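User: Please take a close look at the aromatic rings in this model. I would also like to know how they sit within the chain.

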Amino acid sequence: MKKKCLFIGTRIEALRTVEKLINVKLIITSKNSYIDNNRKNKILVDKKNKKKIHTLIDNMDVDIVFSAGYPYILSKKIINNKKKIFLNSHPSYLPFYRGRKCIYEAYINREKFYGVTLHIMDEMVDTGKIIYQEKVKQENKKIEVIYNNIFKKLEPKVIKSGLKKIL
């Protein structure tokens, strides 16, 4: 039987990859995200309803909460719910470049390699136990090419390998 999942985030390629391996019961995303507008099983989150949405995340009957581009930090109380596994797909090769602007920061620092990490979420940002990660050489490429390669190619590959490892 497929595990039940709550997807929280904005990245459509990540969602599509997760959906191939896990039963996604609900999607929580932001307005104007890359998630398909015609999805029926989605709820929008913003600053006004964030607290209510986080209560929903905490109480929802799922095995996995999967984050890919979720714009808010979940509280320690929510993440420490032992009934769920909280996973995050982060578009850098952790422990390097944590946080929201990781790809841009790596680009500004002229990094030769870029990566994606699938990890367990904990109370800090992008610090949990690493499940799976890969990096690729992207030296001397335009930032648009780097973003495209990370989100359309590398992140789905990392998600698929990482989920197969823990399922």
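Analyst: From the N terminus on, the order of elements is β-α-β-β-α-β-α-β-α-β-β-α. That gives five helices and seven strands, where helices (H or I, at least four residues) and strands (E, at least two) are DSSP runs, numbered from the N terminus. The model is predicted: local features need pLDDT of at least 70, side-chain atom pairs count only at pLDDT 80 or more, and totals for chains, interfaces and linings use all residues. Residues are numbered from 1 along each chain as its sequence is written, and side-chain values use heavy atoms, leaving out hydrogens and water.

Now to the rings. A pair of aromatic rings is described by the distance of the centres and the angle of the planes. Rings of Phe, Tyr and Trp (its six-membered ring) pair if their centres lie within 6.5 Å; planes under 30 degrees apart are stacked, over 60 edge-to-face, and the rest tilted. The structure holds three such pairs. One of them is Tyr70 with Tyr72: the centres are 5.9 Å apart and the planes at 75°, so this pair is edge-to-face. Both Tyr70 and Tyr72 are buried (under 20% relative accessible area; exposed is over 50%, partly exposed in between, with a 1.4 Å probe and protein chains only).

Tyr147 and Phe151 form a stacked pair, because their planes are at 20°, with centres 6.1 Å apart. Both lie in helix 5 (residues 143-166), four residues apart, about one turn of the helix. Tyr147 is partly exposed at 32% relative accessibility, whereas Phe151 is buried at 17%.
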